[in-house]
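Try each task before you read its solution.

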Amino acid sequence: MVTESDLVFGEIAIKTRLVTARQIDEAITIQHGLPEWKPLGLILLEKQYLTKEQLENIIDIQKRNLETRAIQLRYIKEDNIFGRLAIKLNLATEQQVEECLGVQLMMQDDYLLRLGELMVKKKYLSGTDVKKILEYQSAQVIHCPKCDTKYNVVLFNPGAKFICYECETELTVPKNLTSTMNL
């Protein structure tokens, strides 16, 4: 069985021109015939299509790509919250937010313009609006008293209950959470 990790490894190996697509196909065929799964990189190493150093370099590239992707996914999640807040605070329309989120999706993977920056460039928000939304977002964080895990509860209703995913403590969104903000 070829894993997602093997596919990414193979793409990197081909893009860096360390192996050919034919060699990857051969290694996948070998992998399918094995009684137990073996990483694609090890098969390529055993076939002497890669050196140990080349294998380690590809793994390093793969790790960096995964870390970058994790950061981008976190940004996308935060930007969705940012957009929903812009709408909730009547600073932008749903159409403006959707348009800018669509532009973000079209951007190259190695460059991500944050939603607030994009909305300022399009003149949908001012710098002051962005600051106001970010301040509102940071004022909406609560901490689990047991494990100190932080939760952004910006779009939760006051009094809503949820379970901490770290320690399973029941948490309640305070009723006066937004009272510190002058919006």
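**Exercise 1.** Is the crossing in which H1 passes H2 left-handed or right-handed?

*Solution.* Note that this is a predicted model. Find helix H1 at residues 4-15 and helix H2 at residues 21-33. Look at how H1 passes H2: the crossing is right-handed.

**Exercise 2.** Decide whether H1 and H2 run roughly parallel or roughly antiparallel.

*Solution.* Two packed helices are described by the angle between their axes and the distance between the axes. Step one: take the angle, about 155 degrees for H1 and H2. Step two: apply the cut-off, where angles over 145 count as roughly antiparallel. H1 is therefore roughly antiparallel to H2. Step four: locate the meeting residues. Asp6, Gly10, Ala13 and Ile14 of H1 meet Ala21, Ile24 and Gln31 of H2.

**Exercise 3.** Classify Asp79 as buried or exposed, and find its partners.

*Solution.* Start in helix H4, residues 52-88, which holds Asp79. The relative accessibility of Asp79 is 3%. Buried means under 20%, so Asp79 counts as buried. Next, follow its side chain: it reaches the backbone nitrogen of Leu115 at 3.1 Å. Beyond neighbours within four places in sequence, Asp79 contacts Gln104, Leu113, Arg114 and Leu115.

**Exercise 4.** Which element gives the largest share of the largest nonpolar core?

*Solution.* The largest nonpolar core has 19 residues. Phe82, Ala92 and Leu115 are among those with the most contacts inside it. H4, H5, H6 and H7 each give two or more residues to this core. The largest share is 4 residues, from H4.

Technical notes
Residues are numbered from 1 along each chain as its sequence is written. This is a predicted model: local features need pLDDT of at least 70, side-chain atom pairs count only at pLDDT 80 or more; totals for chains, interfaces and linings use all residues. Side-chain values use heavy atoms; hydrogens and water are left out. Buried means under 20% relative accessible area, exposed over 50%, partly exposed in between (1.4 Å probe, protein chains only). A polar contact is a pair of N or O atoms within 3.5 Å; within protein, one must be able to donate a hydrogen and the other to accept it, and residues adjacent in sequence count only if both atoms are side-chain atoms. Contact means heavy atoms within 4.5 Å. A nonpolar core is a set of buried Ala, Val, Leu, Ile, Met, Phe, Trp, Tyr and Cys residues joined through side-chain atoms within 4.5 Å. Axes are lines fitted to C-alpha atoms, for helices over the stretch in contact, and angles run from 0 to 180 degrees between N-to-C directions. Angles under 35 degrees count as roughly parallel, over 145 as roughly antiparallel, 65 to 115 as roughly perpendicular and the rest as oblique. A crossing is left-handed if the near helix is turned anticlockwise from the far one by less than a right angle, and right-handed if clockwise.
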